[in-house]
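Open the model in your viewer and show it as a cartoon. Have the selection tool ready. We will go stop by stop.

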Amino acid sequence: ARVHMRIISMQKGGDFVSVFERLSRGVSAINRSIRETAGAEFMFNNHLGYIHSCPTNLGTGMRASVHVKLPRLSKKQNFSRKFCAGLNLQPRGVHGEHSETSDGV
């Protein structure tokens with residue numbers, strides 16, 4: 001497992017600002033708690049940004065996902081290869097990167 005901690009903020013609808021603000025408050029609260037209890041903070045480098053165990057998340061350490069329900073389109077035989085790959089998208093299930101899609105989500 002390459003993730004030491006995963007903080008998730010999600011909600012139905014399209015209010016991305018609220019989702020991001022809640023995530024930001026959560027990350028700040030966790031960092032404050034780490035500082036107060038252990039005298040440490042999230043690892044940060046002025047050149048590289050936030051340090052992670054996964055190099056693809058180096059810098060901000062953030063990854064955003066949007067779940068879209070496309071029941072008819074996702075049933076097409078070459079949905080992943082033709083449609084998604086052509087748009088540089090990665091189809092994933094509602095439970096994250098290694099879960100199966102279901103019901104067109």
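A contact means heavy atoms within 4.5 Å.

**Before you click.** This is a predicted model, where local features need pLDDT of at least 70, side-chain atom pairs count only at pLDDT 80 or more, and totals for chains, interfaces and linings use all residues. Residues are numbered from 1 along each chain as its sequence is written, and side-chain values use heavy atoms, with hydrogens and water left out.

**Stop 1: colour by confidence.** pLDDT is the predictor's confidence in each residue, from 0 to 100. The chain has a mean of 79, and 83% of its residues reach 70 or more. Among the elements, H1 has the highest mean pLDDT (92) and H3 the lowest (79).

**Stop 2: the elements.** Find three helices and two strands. From the N terminus on, they run α-β-β-α-α. Both kinds are DSSP runs, numbered from the N terminus: helices are H or I with at least four residues, strands are E with at least two.

**Stop 3: the surface.** Of the 105 residues, 12% are buried. Buried means under 20% relative accessible area, exposed over 50%, and partly exposed in between (1.4 Å probe, protein chains only).

**Stop 4: Asn 31.** Select Asn 31 in helix H1 (residues 16-38). Is Asn 31 buried or exposed? Asn 31 is buried, because its relative accessible area is 14%. Now show what surrounds it. Leaving aside neighbours within four places in sequence, Asn 31 is in contact with Ala 40, Glu 41 and Phe 42. Its side chain reaches the backbone nitrogen of Phe 42 at 3.1 Å.

**Stop 5: the salt bridge.** The term means a side-chain nitrogen of Lys or Arg within 4 Å of a carboxyl oxygen of Asp or Glu. The structure holds one. Arg 35 is partly exposed, at 39% relative accessible area. Glu 41 is partly exposed too, at 46%.

**Last stop: Leu 87.** Select Leu 87, in the segment after helix H3 (79-86).

Notes. A polar contact is a pair of N or O atoms within 3.5 Å; within protein, one must be able to donate a hydrogen and the other to accept it, and residues adjacent in sequence count only if both atoms are side-chain atoms.
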